[in-house]
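Hi everyone, thanks for coming. Please take a look at the chain on the screen, and then I'll walk you through a few spots.

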Amino acid sequence: MYKYLFIFLAFGVCSTLFHSCSNDDEDYSSKMPTFETVAFDKQEIHVGDTVIATIVQKDKGNRIYNGVYLWDCDDAKIINPTLLSQVPRKEPNPTCKLVFRSSGDKTLKFSAKYNGAGKTFSKMQNVTQSGFSVAYTISTLYGSATVTKSRIHVVP
């Protein structure tokens with residue numbers, strides 16, 4: 001009788017130990033930043049004006065490092081762009097100065113590529129709004145995002 005009671009208690013203790021070890025709810029994946037908009041320091045942009053463009057991040061991501069940034073803009077000189085971010089979640093939003101050479105509607109593209117420190121990257125939803133879009137590309141080792149701001153109206 002005691003033999004069966006001992007086996008039953010040993011089984012109960014072991015099942016409790018294994019149950020508590022199997023609770024792995026922590027998510028160790030890398031998460032890309034979520035981009036909200038592109039903000040300019042001037043309401044009206046004139047040809048020849050120096051304008052600061054800021055890529056506004058709603059969430060700066062998690063478990064990412066070494067962000068490499070590329071900037072491109074229609075018929076504009078790009079001055080002092082943020083090109084590298086060692087720890088993106090601890091640094092300010094990326095910025096660059098633009099000097100437009102001609103009037104009309106322009107498009108700004110910002111591309112970011114991040115290395116992941118997690119097991120993998122979380123999937124991200126692409127964003128498309130009027131004049132603003134974000135396209136994410138996710139792989140096991142890195143994640144990238146392309147932010148596009150169109151309909152930037154430059155007046156003479």
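Let's start with a definition: a residue is buried under 20% relative accessible area, exposed over 50%, and partly exposed in between, using a 1.4 Å probe and protein chains only. Val 68 comes out at 43%, so Val 68 counts as partly exposed. Across the chain, buried residues make up 30% of the 156 residues.

A word on where this comes from. This is a predicted model, where local features need pLDDT of at least 70 and side-chain atom pairs count only at pLDDT 80 or more, while totals for chains, interfaces and linings use all residues. Residues are numbered from 1 along each chain as its sequence is written, and side-chain values use heavy atoms, leaving out hydrogens and water.

Now the layout: the chain has 1 helix and 11 strands, which are DSSP runs numbered from the N terminus (helices H or I, at least four residues; strands E, at least two). Val 68 sits in strand β4, residues 64-73.

Next, the rings. How many aromatic pairs does a search of the whole structure find? There are 4, where rings of Phe, Tyr and Trp (its six-membered ring) pair if their centres lie within 6.5 Å, and planes under 30 degrees apart are stacked, over 60 edge-to-face, and the rest tilted. Tyr 69 and Phe 110 form a tilted pair, 5.1 Å centre to centre with 50° between the planes. This pair links distant parts of the chain, with Tyr 69 in strand β4 and Phe 110 in strand β8 (residues 104-116), 41 residues apart. Tyr 69 is buried at 3% relative accessible area, and Phe 110 is buried at 0%.
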